[in-house]
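Visitor: I am new to reading protein models. Could you walk me through this one?

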Amino acid sequence: SSPSSANFSLSKSATASVAASGTITYTLGLGNSGGAVSGTAATLKEQLPTGVVATAVTAGTGVTSVNCGSLPSAAGALLTCNVTLSSALASAAPQGTAAFTITATAPSSSGTITNYASVDPTGGSSPATPGTSCTTISCASAATTVTGPSNITLSKSATSTVLTSGSITYTLGLGISGGTTS
């Protein structure tokens, strides 16, 4: 981008660690790395990781409205988000000058997932395809570790032999295996 034009830049953060099927919050921050004032509209593409469902979007600092289509989304959907800024971003405005959040549900399986997003640097409606090949300042990603569900275990034992009309002692034990504590 030439120094005499606006250039939307993008930052992204995410919940660092979440239990399977838990809530993830993605925060997307817009800035302007160009030499001119930006417009007040931005188009972003948001690639949800496999198994992740977007449930809500919320306008934050410097954002009047944000629309990422019909929610809840399909799992792993590629969302197109239209953002209206409350005012133009000044030249050299840092990432996060305008921001919004996407609330999502983590997948039911554990592992590390990465969310990718991109913004059209010109303020147009054609952001690059978000992913590992999108490496400009108008692209961003954030990783989340999804921990497996806890398994509550139950054991039971009883007196092995007893006389007729005698007493039986039952012992119940609870435990947790795998995943996170409950």
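Visitor: Which residue's backbone oxygen lies 3.3 Å from a polar atom of the side chain of threonine 43?
Guide: This is a predicted model, in which local features need pLDDT of at least 70 and side-chain atom pairs count only at pLDDT 80 or more, while totals for chains, interfaces and linings use all residues. Residues are numbered from 1 along each chain as its sequence is written, and side-chain values use heavy atoms, leaving out hydrogens and water. A polar atom of the threonine 43 side chain lies 3.3 Å from a backbone oxygen, and that oxygen belongs to glycine 124.

Visitor: Is threonine 43 buried or exposed?
Guide: Buried means under 20% relative accessible area, exposed over 50%, and partly exposed in between (1.4 Å probe, protein chains only). Threonine 43 has 7% relative accessibility, so the residue counts as buried.

Visitor: Which strand holds threonine 43?
Guide: Strands are DSSP runs of at least two residues (E), helices runs of at least four (H or I), both numbered from the N terminus. The strand spanning residues 41–47 includes threonine 43, and its name is E4.

Visitor: Which residues are in contact with threonine 43, leaving aside neighbours within four places in sequence?
Guide: Contact means heavy atoms within 4.5 Å. With those neighbours left aside, the list is Thr80, Cys81, Asn82, Ser118, Val119, Asp120, Gly124, Ser125 and Pro127.

Visitor: How many helices and strands does the protein chain have?
Guide: Read along the sequence, the pattern is β-β-β-β-β-β-β-β-β-β-β-β. The count is zero helices and twelve strands.

Visitor: Why is the protein chain said to be more spread out than a compact globule?
Guide: The globule rule is 2.2 Å times the number of residues to the power 0.38, and the radius of gyration is taken over C-alpha atoms. For 182 residues the rule gives 16 Å; the chain is well over that, so it is more spread out than a compact globule, with a radius of gyration of 24 Å.

Visitor: What is the order of the four strands in the open sheet?
Guide: Two strands pair if DSSP finds at least two bridges between them. The pairing here is antiparallel, and the order is E1-E3-E8-E5. Strands E1 (8–14) and E5 (53–59) each pair on one side only, which makes the edge strands E1 and E5.

Visitor: Which residue in E8 is the bridge partner of leucine 28?
Guide: Strand E3 (residues 23–32) pairs with strand E8 (residues 93–105) in the antiparallel sense, over nine bridges. In E8, the partner of leucine 28 is phenylalanine 100.

Conventions: Polar contact = N/O pair within 3.5 Å; in protein donor to acceptor, adjacent residues only side chain to side chain.
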